[in-house]
Amino acid sequence: MSRIALLPEEVASQVAAGEVVERPASVVKELVENSLDAGATRIEVLVRRGGNSFIRVLDNGWGMDRDDALLCLERHATSKIRTGSDLMAIHTLGFRGEALPSIASVSRFRLATREHGALSGTEVLVNGGKIETVRDSGEPEGTQIEVRSLFYNLPARRKFLRTENTEASHVEHVFQLQAIGHPEVGFTLLNEERLAHQLPPGQTLRERLRDLFGAPLVAELLEIPVNEIAGIRVAGLLGRAGVSRSTRQQQIVFLNGRPIENPTVAHALREGYHTALMKGQHPVTFLSIEMDPAAVDVNVHPAKREVRFRDPALVREVIVEVTRRVLESDRASWSRTFASPAARPVVPEESPPLFPTAEQYSRRPDWPPQPATSETPGGTSSGLAAWKPPEPSDETRAHSPTPATSIAPQPPDAETRFAARTPAGAAMQRSPAAHDFKFIGVLGRLYILMESASGLVLVDQHAAHERILFEEMRRRMEGQGVPTQRLLLPITLQVPPKDADWLHENLESLSRTGIGLEPFGPGTFKIDALPQFLSATEPSQLLRDIIDELRDTSQQTSKLRLGEDMIAKTVCRHAVKANDILREPECLRLVQDLLACELPYCCPHGRPTMIQLTYSELEKKFGRKV
Ligand SMILES: Nc1ncnc2c1ncn2[C@@H]1O[C@H](COP(=O)(O)OP(=O)(O)OP(=O)(O)O)[C@@H](O)[C@H]1O
Ligand SMILES: [Mg+2]
């Protein structure tokens with residue numbers, strides 16, 4: 001007895017619709033994408049009851065003639081691709097010829113369309129996938145699609161629809177994504193008869209975001225100087241260091257004009273922001289990536305939300321690099337906020353060095369010095385400068401290869417690909433001596449208070465010191481490696497198999513961070529060296545902690561990031577502690593070194609290092625000004 005039967009066309013469509021149409025927002029997405037593909041410059045979306053009862057999308061695109069108006073409702077009918085090879089390089093948002101028949105099979109559907117210049121248009125009415133009426137109509141040029149009673153013929157699906165408010169907010173999100181992706185197109189959103197958004201055509205991305213989210217957010221965004229690296233163009237706006245959200249709602253990424261969710265991109269952004277991002281927070285990005293359509297497969301997700309890159313490692317490198325450059329480019333304006341006319345030179349000539357030498361690190365596990373011993377921490381020649389490799393000039397520092405190029409294994413051309421840093425990079429390296437502050441004192445043994453031209457500057461001495469040490473260590477890791485001290489007696493470390501695998505995979509990165517580690521039999525490792533700046537009394541415990549802390553976060557991150565994480569974590573323990581008392585010269589030196597950092601605004605964990613209370617803020621607080 002044969003058991004298999006072909007499904008009736010109607011049922012097959014409903015099955016297909018299940019994948020394409022999840023909720024009213026998916027209908028809005030598909031219809032707006034069609035309008036964009038049809039070259040529309042104005043698109044209007046109207047929803048009633050969150051889209052559950054009514055959705056209408058109206059465009060002024062090129063419209064369809066009568067034959068096409070009927071054909072577009074057939075499955076696999078599309079004007080966007082012709083052959084299998086076209087699938088390898090898709091230039092349009094649609095390509096499957098699935099959306100309209102799917103939507104029409106699960107709703108009461110009306111299509112009215114008229115080609116530009118045509119005498120009349122066509123109206124088609126469809127009920128649950130069955131074409132009921134086709135007639136001439138006097139519609140304006142363009143296309144109008146109405147979708148009523150979504151899932152009316154699929155009660156099981158209808159039950160999954162949420163409240164009108166929830167569905168309306170999904171619709172709004174989809175609408176916003178499309179509007180951000182195409183600021184050149186005018187968009188209108190009506191919820192019931194209420195005007196939710198009216199966005200004129202021909203806007204810049206900034207104008208569009210200002211209209212959608214308000215000026216304060218836009219003020220926190222930094223321009224990506226349009227960058228083409230290895231054939232990948234990255235443009236858009238990124239939140240400055242410290243601007244973050246607890247959800248990914250505003251981590252918006254477009255690939256060739258299509259909003260996407262992609263783990264490679266998300267991780268690259270994290271990695272690029274890395275120390276400028278607080279734990280558990282997500283960056284705010286409006287990022288547009290454009291690349292050869294042949295280098296990306298968009299045909300991997302039923303709602304076309306995900307894509308697959310042919311060379312994800314390259315995409316990752318480019319995004320990490322661009323993000324770093326953008327964050328660093330904010331340095332100059334950040335410094336300007338705190339800059340003031342000469343009040344007093346920031347560092348007195350005779351100031352003793354704040355930082356101990358490598359030797360001091362190893363000799364004095366109690367570093368940083370307590371107040372009583374901090375009087376004579378060494379001669380000037382044994383300061384930080386003596387400990388560092390020959391100080392790179394400002395120029396070379398601005399152009400030093402980023403960690404992405406020096407640690408992670410790279411294709412041979414990566415070096416040249418990233419060698420050209422932003423010209424702004426060099427200009428950003430302003431001499432910290434240009435910033436003159438008047439030292440006032442230290443508050444609560446933690447906050448350095450200083451007077452600037454615009455008011456009161458507060459520096460978190462612990463956060464500032466972490467940032468300085470972190471960058472110092474990272475430079476050394478990128479260079480010849482962190483100086484190590486050999487242990488007199490090597491220690492053996494027994495670990496469970498999972499940790500052993502992790503250690504095996506990361507031996508090289510660990511050794512670059514100064515940890516001398518060798519496999520020593522199954523599940524056993526020998527530690528014979530540690531970074532000099534670490535004064536661990538229990539090296540094996542320290543390593544266990546590091547494994548615990550890093551193993552989970554390192555799954556998706558590069559070797560470089562692993563090293564940075566390790567430094568960020570270990571540095572934290574050795575930075576000036578909150579209540580170490582610093583004297584004026586040490587404070588000023590700390591500020592000077594902070595200002596010389598690449599990302600001075602925040603500590604390696606993304607917390608701010610320095611804030612300012614301006615005179616006008618003070619005046620407001622004291623009621624002198626309203
Ligand atoms: N607003 C519109 N203006 C002009 N033509 C349209 C419009 N909407 C759809 N079409 C035409 O109808 C065809 C079918 O649309 P449909 O959305 O079903 O498929 P698609 O866009 O080709 O692919 P996908 O299923 O991936 O969206 C399109 O290829 C296009 O030619
Ligand atoms: Mg489509």
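In strand β15, Ile289 is the bridge partner of Leu255. The strands concerned, β12 (residues 251-255) and β15 (residues 285-290), pair in the parallel sense over 5 bridges; helices (H or I, at least four residues) and strands (E, at least two) are DSSP runs, numbered from the N terminus, and two strands pair if DSSP finds at least two bridges between them. The model is predicted, so that local features need pLDDT of at least 70 and side-chain atom pairs count only at pLDDT 80 or more, whereas totals for chains, interfaces and linings use all residues. Residues are numbered from 1 along each chain as its sequence is written, and side-chain values use heavy atoms, with hydrogens and water left out.

Both strands belong to an open sheet of 5 strands with mixed pairing, in the order β9-β10-β15-β12-β13. Its edge strands, β9 (221-229) and β13 (258-259), each pair on one side only.

Two helices lie against this sheet. Helix α9 (residues 263-273) lies across β10 (232-239), β12 and β15, and runs at about 120 degrees to β15; axes are lines fitted to C-alpha atoms, for helices over the stretch in contact, and angles run from 0 to 180 degrees between N-to-C directions. Helix α10 (residues 312-329) touches β9, β10 and β15, and its direction makes about 140 degrees with that of β9. Contact means heavy atoms within 4.5 Å.

The helices α9 and α10 also pack on each other, at an angle of about 35 degrees and with their axes 8 Å apart. Among the residues making this contact are Val265, Ala268 and Leu269 of α9 and Val315, Ile319 and Val320 of α10. By class, the contact has 9 nonpolar, 3 polar and 3 charged residues; Ala, Val, Leu, Ile, Met, Phe, Trp, Tyr, Cys and Pro count as nonpolar, Asp, Glu, Lys and Arg as charged, and the others, Gly among them, as polar.

A further helix pair is formed by α18 (residues 461-478) and α23 (residues 584-595), whose axes come within 9 Å and cross at roughly 50 degrees. The two are therefore oblique to each other (angles under 35 degrees count as roughly parallel, over 145 as roughly antiparallel, 65 to 115 as roughly perpendicular and the rest as oblique). The contact is made by Gln461, Ala464, His465, Arg467 and Ile468 of α18 and Leu590, Asp593 and Leu594 of α23. These residues divide into 4 nonpolar, 2 polar and 2 charged.

Key. Chains lettered and ligands numbered in written order.
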